[in-house]
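Me: I would like to learn how to read a ligand site and a pocket in a model. Please take me through one case.

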Amino acid sequence: MERWQTIIEPFRIHSVEPIRMTTRDERLRAIDAAGLNLFNLHADDVLVDLLTDSGTGAMSRDQWAAVQHGDESYAGSPSWYIFLAAVQELFPFRHVIPTHQGRAAEKILFSVIGGPGKVIPNNTHFDTTRANVEATGAEAVDLVIEEGRHPEVEHPFKGNMDLARLEDFLAARGADVPAVFVTITNNSGGGQPVSLENLRGVRALCDRFGVPLFLDACRFAENAWFIKLREPGQAARSVPEIVREIASLADGMTMSAKKDGLANIGGWLAMRDDALAERCRNLLILTEGFPTYGGLAGRDLEAIAQGLREVVDEDYLRYRIRSTAYLGDALAADGIPVVRPIGGHAVYLDARALLPQIPPLQYPGQALAVALYVEGGIRGCEIGTVMFGRHPDGSETPAAMDLVRLAIPRRTYTQSHVDYVIEVVRFVAKRAADLHGLRIVDEPAALRHFTARFAPVG
Ligand code: F0G
């Protein structure tokens, strides 16, 4: 047992970025001009930006030093070999294909393995993953355990795949499945981890049906930390050891280094299969770049390599997971409905529960996100019917949940920023009954949440 209760940030601040203070009136004008869509705001008009934990973290002194070490040779850069070694130290896949971010890896992989008639099971597809599957004409199916569909239900590994449903699914449609995916942690389901035991179960099913297993591994270090904390028999293992076991269970991965790469840009696609890798590399050259840099500069490759060494540090992970829980636990203690247990990278407010007067097709998550911005300048992100309600055939149905995600950028905000967020969310939650629904006045064909414009209902 540690002697002290307070888990401090295991770093000091070395360089600061100013935050421009705004008034409620200024924010009302800004959100009105943005069509009530927080993606359309000028970031200078945001006080605490919890839109995403993707690419928004602070790099370390050693990462900035690594940037200086970057070598920009077109082919065979030393920075590429440093990147490759750092990736393979944790994920020893034979083929590593660098991309400019996670969705570029998805686009390449699904262009090769997807297509009409194909179907990809996942615990829960993230929005870009689903969109990249569907863009090829393939189908994306979510098979997370039942507990993972209910915000208030406690479960240590709420991101787990429902093995019984996956088994039935593979028995019925195995021939159409080019790969099974598991997302660690399960972002769209609340940043919830997947256990090693569950991954072993998925592996066994994939072996039985002869289907490869891929990881969407954006938050692999946070997932491994939860395994160390929560899974019987794992407490004494190091985080890299757990990560290597996770990798050993899979045939390949997609990765956004903007999350647990601790970098501002980057990603990769990795796999064991030689023939698949060759087809992916050919597409890479077409759309991203030469195989030793992909969509990245040598300096980015170096920043990621150093980030991968830092992200598995236990002092970092202890602070990281604790600081997310600090926000979530404070809100839950106040009776504000949040997804339980608190996830790794974000706290998810249950807007459907908090705003029962707003039906799902009037977007309670969007209404709550707008209110948090107007009152306190906090930018969260709707993860609900705006993001997932529109289907490729043009129909619209309520998403499984209507959440507002408050994602915590890595190593960026201090405890007083978080205390401020707690105060603002409490204020808005007390007045939840006064909030009204929204309607969409303009939307694109796919990924509408990024650019749709809204107006109040009535
Ligand atoms: N998979 C998951 C689980 C993700 O969370 C993301 C991105 C991606 C794939 C795509 O990676 O952004 O590098 O292209 N999630 C960010 C978020 C955008 O806010 O959760 P990318």
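Predicted model: local features only at pLDDT ≥ 70, side-chain atom pairs only at ≥ 80, totals over all residues.

Me: Which residues are closest to the ligand?

Reply: Begin with the shell. Here 18 residues surround the ligand, and T52, R103, S256, K259 and R405 are the closest. By class, the shell is made up of 9 polar, 7 charged and 2 nonpolar residues.

Me: Which helix gives the most to the shell around the ligand?

Reply: That is α4, with 3 residues. Both α4 (102-113) and α5 (127-135) supply at least two residues of the shell.

Me: Which side chains have an N or O atom at 2.7 Å or 2.9 Å from an oxygen atom of the ligand?

Reply: The side chain of T52 has one at 2.7 Å, and the side chain of R219 has one at 2.9 Å. For Q101, a polar side-chain atom lies 2.8 Å from a ligand oxygen. Of the 470 Å² of accessible area that the ligand has on its own, the protein covers 95%.

Me: What lines the second largest pocket?

Reply: Its lining has 38 residues, with R130, M387, F388, R390 and H391 nearest the centre. The pocket holds about 820 Å³ of space. The lining divides into 19 nonpolar, 11 polar and 8 charged residues. Helix α5 gives the most to this lining, with 5 residues, while β4 (139-142) and α15 (385-388) each supply at least two.

Technical notes: Residues numbered from 1 in each chain as written. Heavy atoms only, no water. Near = heavy atom within 4 Å. Polar contact = N/O pair within 3.5 Å; in protein donor to acceptor, adjacent residues only side chain to side chain. Areas by Shrake-Rupley, 256 points an atom, 1.4 Å probe, with all protein chains shown as cover. Helix = DSSP H or I, 4+ residues; strand = E, 2+ residues; numbered from the N terminus. Nonpolar A, V, L, I, M, F, W, Y, C, P; charged D, E, K, R; others polar. 1 Å grid on protein atoms, 1.4 Å probe; cavity = no way out; pocket = protein on both sides within 12 Å on 5 of 7 lines; lining within 4 Å. Points joined across faces, edges and corners; volume = space filled by probe spheres on them.
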